[in-house]
Amino acid sequence: MPETSRLPEIEEKVAFLSDAASYPVEADSVEVLETHMSWVFLVGPRVYKLKKPVARQLFDFTSVDNRYKNCVEEARLNIRLGGDTYIGVEQLSVVAGGGLALGRQGIPVDWLVVMRRLPVASMLETQIKSATVEYRRVRTAAELLARFYGSAASIQLSGEQYLERLRRGISENYRQLTDYSLPEDRVKSVCDQQMALLERNSVHFADRATAGCLVEAHGDLRPEHVCLTEPPVVIDCLEFSRDLRIRDPADELSFLAMECQKLGDQKVGRILFEVYGQITGDEPEACLVAFYKAYRASERAKLAIWHLDDDYQERRGPWRQKALDYLAIASEYGEGSGS
C-alpha cells in the first residue's frame with residue numbers, strides 16, 4: 001500500500017461519503033446507516049459499504065490492507081447466493097490538493113464494497129413485519145438455498161470433532177454471556193439444556209458429520225439478508241471467517257427459521273425444510289433442529305450483548321433486553337421441540 005502523509009480519519013471519510021456529489025451515480029441525497037462493523041451509504045441505485053477501522057475478537061480491520069482484503073472476500077463470497085447484487089470493490093483515495101475521491105485516481109486510503117440496491121419491500125424481514133410474505137417466493141428462495149447446499153463441497157470432520165466443536169460453542173456462549181453480567185443462573189440453565197440435548201442425541205450429530213453434511217455455508221442467514229425478488233438473492237454472508245461459515249445446512253436453516261419465528265412467522269421455516277428435503281433428500285431429525293435453534297439463539301444473545309461495547313448511537317438501550325429475549329427463545333427450544 002503506497003505511503004502518504006495525508007491519512008484522513010474515519011469521521012472525514014464518513015462526511016465525504018455522506019454527500020451525494022461524491023458518487024458517480026445520480027442521487028439527490030445519501031441515506032447513512034451505521035452498523036456494528038461498517039458504515040453503509042445508500043445512494044440512488046447503489047449501496048457503498050465502508051468497514052470501520054476496528055478490531056474485535058473475530059476480526060481486525062484496523063489496517064487499510066486488512067479492510068481491502070475483507071472487502072474483496074466479501075464481494076467474492078456473496079456472488080454465490082447474491083449473484084450480480086455485488087458489483088465489486090471501489091477505492092477511496094486522497095487526490096492532488098488533499099481532497100477525497102472515489103475511483104482509481106490518487107492514493108488509496110480505504111476501500112468500499114459496492115452493491116446494487118435491493119427493494120426494501122422485497123426483503124423477507126420487511127414482509128414478515130408487515131404480514132405481506134409472498135410464500136411462493138419464499139419457496140423459490142428455499143430452492144436457491146437447497147441447491148447451494150447440495151452443490152457445496154463437503155467439509156470433512158469426524159463425528160467426535162463435530163461434537164467437540166458444538167460443545168466448545170456452548171461453553172464459549174456461556175462464558176461471554178456471564179462476562180457481561182447476564183443472570184448466571186439463567187445463562188447456565190440455557191447452556192445446560194443445550195449440552196444435555198447435544199449429548200442425548202450425540203449419535204445423530206456425529207452422523208451428520210460422517211455423512212458429509214457439513215459445508216461452507218452462508219454463516220449469517222437472517223431474514224434481513226433474504227430478498228424475495230425474481231430471482232431471489234441472499235446477501236451479507238459471514239465473510240471474515242471460513243471456520244464460522246462451516247455449518248450443517250440444517251443448522252443454517254434452523255437459524256433462519258428461528259429468526260423468522262421470532263418475528264412472528266412460523267410458516268417460512270416449514271417451507272425451508274420442506275423444500276430442502278424435497279431437493280436434497282435430507283430430512284434432519286426434530287431434535288437436531290431444536291438444538292440448532294437453541295444454540296443459535298444463545299449465540300445471537302452473545303452478539304447482542306457485545307453491543308454494550310459500541311460507541312455509536314444504538315449503544316446501550318436495547319441490547320441487554322435483546323440478549324435476554326434470545327435467551328428466552330433458547331430456553332424454549334432447548335426443551336427439545338423443533339417446532
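In which strand is Leu 102 found? Leu 102 belongs to strand S5, which covers residues 100-102. The structure is a predicted model.

- Along the chain, Leu 102 and Leu 17 are 85 residues apart, yet their C-alpha atoms are separated by 9.0 Å.
- Leaving aside residues up to four places away in sequence, Leu 102 is in contact with Phe 16, Leu 17, Ser 22, Tyr 23, Pro 24, Tyr 48, Glu 90, Gln 91, Leu 92 and Leu 112.

**Nonpolar cores**

- In soluble globular proteins, nonpolar side chains tend to be buried together.
- The largest nonpolar core in this model comprises 69 residues, and Leu 124, Leu 145, Tyr 149, Phe 205 and Phe 291 have the most contacts inside it.
- Helix H11 gives the most to this core, contributing 13 residues.
- Phe 291 touches Leu 166, Ile 170, Gln 194, Leu 197, Leu 198 and Phe 205, when residues up to four places away in sequence are not counted.
- A second, separate core has 20 residues, including Val 30, Tyr 48, Leu 102 and Leu 112.
- Two members of this second core, Tyr 48 and Leu 112, are also among the residues that Leu 102 touches.

**Helix H5**

- Helix H5 runs over residues 159-179; at 1.5 Å a residue its 21 residues should span 30 Å, and the end C-alpha atoms are 30 Å apart, which agrees.
- The buried residues of H5 are Gly 159, Tyr 162, Leu 163, Arg 165, Leu 166, Arg 167, Gly 169, Ile 170, Asn 173, Gln 176 and Leu 177.
- An α-helix has 3.6 residues a turn, so residues three or four places apart point the same way.
- The cover over the buried residues of H5 includes helices H6 (184-200), H7 (202-210), H8 (242-245), H11 (286-306) and H12 (319-334), together with strand S10 (246-247).
- Leu 166 and Ile 170, both buried residues of H5, are among the residues touched by Phe 291.

**Packing of H9 and H11**

- Two packed helices are described by the angle between their axes and the distance between the axes.
- The axes of helix H9 (residues 249-263) and H11 come within 8 Å and cross at roughly 65°.
- H9 is therefore roughly perpendicular to H11.
- The crossing in which H9 passes H11 is right-handed.
- On the H9 side, the contact is made by Ala 250, Asp 251, Ser 254, Phe 255, Ala 257, Met 258, Glu 259 and Gln 261.
- On the H11 side, the contact is made by Val 289, Tyr 292, Lys 293, Arg 296, Ala 297 and Arg 300.

**Backbone features**

- Most residues other than glycine have a negative phi, and most peptide bonds are trans.
- Ser 181 follows H5 and lies in the loop between H5 and H6; its phi is positive, near 65°.
- Ser 181 counts as exposed because its relative accessibility is 53%, the cut-off being over 50%.
- Asp 236, in the loop between S9 and H8, also has a positive phi, near 55°.
- With a relative accessible area of 21%, Asp 236 is partly exposed.
- Glu 230 and Pro 231 are joined by a cis peptide bond, with omega about 0°.
- Pro 231 is in the loop between strand S8 (226-227) and strand S9 (233-234).

Terms used: Residues numbered from 1 in each chain as written. Predicted model: local features only at pLDDT ≥ 70, side-chain atom pairs only at ≥ 80, totals over all residues. Heavy atoms only, no water. Helix = DSSP H or I, 4+ residues; strand = E, 2+ residues; numbered from the N terminus. Expected span 1.5 Å × (residues − 1). Buried < 20%, exposed > 50% of the residue type's maximum accessible area, 1.4 Å probe, protein only. Contact = heavy atoms within 4.5 Å. Core = buried A, V, L, I, M, F, W, Y, C linked by side-chain atoms within 4.5 Å. Axes fitted to C-alpha atoms, helices over the stretch in contact; angles between N-to-C directions. Parallel < 35°, antiparallel > 145°, perpendicular 65-115°, else oblique. Left-handed = near helix turned anticlockwise from the far one by under 90°.
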